[in-house]
Amino acid sequence: PPRAVAEIGTDGVYKMIVLCEDDAIAQRLRPKLELLLDAGAELTQALPGYIEVVPTGASKATAAAALLDRWGLTWSDALAIGDGQNDVPMLREAGTSVAMANAKQSVRDAAQFGCASNADDGWVEAMERYQERALDRERLAEEEARRAAEIRQEQESAKKRRVSKEEGWQEARGRASSEFDETHVAQDLILYPELYEDENIMGNP
């Protein structure tokens with residue numbers, strides 16, 4: 001026969017499931033269960049009449065984040081498909097998110113796109129329609145990273161050219177202010193014409 005939770009040892013228990021005859025009962029029961037929880041647990045729901053008690057912070061999103069980190073990916077690379085309340089954290093994080101037609105409105109609101117219901121092969125539809133979009137996002141991110149690296153390299157090169165020109169300008173200025181050297185002056189007139197427009201540093205004709 002069923003036993004009360006108080007009669008069962010809780011060491012090593014990470015999840016509890018409360019099954020109700022229908023979702024109306026579950027919705028009436030849920031507020032009462034929330035009053036019994038401490039800071040270390042929270043409620044979520046995957047199916048009608050199906051209430052889950054899980055550790056605070058434990059969700060599909062935290063599990064998916066751990067996998068993405070292991071694989072060297074980010075949320076922008078992820079395609080998430082869901083139909084239950086317990087999918088909402090994951091749908092909100094994923095770069096591409098799709099809710100099934102049989103999902104509640106709160107779940108559909110958390111997703112970017114929608115698809116057919118489970119009974120109508122919605123998962124297949126979502127994969128066929130949005131998997132390529134998720135891959136495109138990954139390629140776009142790679143392209144943006146490559147372009148950012150190119151811009152940094154161009155900026156560094158421009159900085160080096162400015163430093164080099166400044167050093168050359170100082171050297172040419174010294175020549176213009178000292179002894180006349182026809183070869184150097186001809187070269188400096190091409191590279192630094194503004195130098196010879198300054199009468200204050202024209203040392204020789």
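1. In this note a residue is called buried under 20% relative accessible area, exposed over 50% and partly exposed in between, with a 1.4 Å probe and protein chains only. By that rule Asp121 counts as exposed, at 53% relative accessibility. Asp121 lies in the loop between β6 and α5, and although Asp121 is not a glycine, its phi is positive, at about 60°.

2. The model is a predicted one, in which local features need pLDDT of at least 70 and side-chain atom pairs count only at pLDDT 80 or more, whereas totals for chains, interfaces and linings use all residues. Residues are numbered from 1 along each chain as its sequence is written, and side-chain values use heavy atoms, with hydrogens and water left out.

3. The secondary structure of the chain comes to 6 helices and 6 strands, where helices (H or I, at least four residues) and strands (E, at least two) are DSSP runs numbered from the N terminus. Along the sequence these elements follow the pattern β-α-β-β-α-β-α-β-α-β-α-α. Of the 205 residues in the chain, 28% are buried. With contact taken as heavy atoms within 4.5 Å, 35% of the contacts between residues at least 6 apart in sequence join residues at least 24 apart.

4. A nonpolar core is here a set of buried Ala, Val, Leu, Ile, Met, Phe, Trp, Tyr and Cys residues joined through side-chain atoms within 4.5 Å. The largest such core has 15 residues, and those touching the most other members are Trp75, Ala78, Ala80, Met90, Leu91, Ala94 and Val107. At least two residues of this core come from each of α2 (60-70), α3 (88-93) and α4 (105-110). Once neighbours within four places in sequence are left aside, Trp75 is in contact with Ala61, Ala64, Ala65, Leu68, Met90, Glu93, Ala94 and Gly95.

5. Ser97 has its place in strand β5 (residues 96-100) and counts as buried, at 1% relative accessibility. Leaving aside neighbours within four places in sequence, Ser97 is in contact with Ala80, Leu91, Ala110, Ala111, Gln112 and Phe113. The C-alpha atoms of Ser97 and Gly82 are separated by 8.2 Å, the two residues being 15 residues apart along the chain.

6. Rings of Phe, Tyr and Trp (its six-membered ring) pair if their centres lie within 6.5 Å, and planes under 30 degrees apart count as stacked, over 60 as edge-to-face and the rest as tilted. The count by this rule is 1 aromatic pair, namely Phe113 with Tyr130, which is stacked at 4.6 Å centre to centre and 20° between the planes. Phe113 lies in strand β6 (residues 113-115) and Tyr130 in helix α5 (residues 122-176), so the pair ties together parts that are 17 residues apart in sequence. Phe113 is partly exposed at 26% relative accessibility, whereas Tyr130 is buried, with a relative accessible area of 7%.

7. A pocket is found on a 1 Å grid over the protein atoms alone, as an open set of points where a 1.4 Å probe fits, with protein on both sides within 12 Å along at least five of seven lines, and its lining residues have an atom within 4 Å of a point. The second largest pocket is lined by 14 residues, with Thr44, Val54, Ala58, Ser59 and Asn86 lying nearest its centre. β2 (41-47), β3 (50-55) and α3 each supply at least two residues of this lining, and the largest share, 3 residues, comes from β2.
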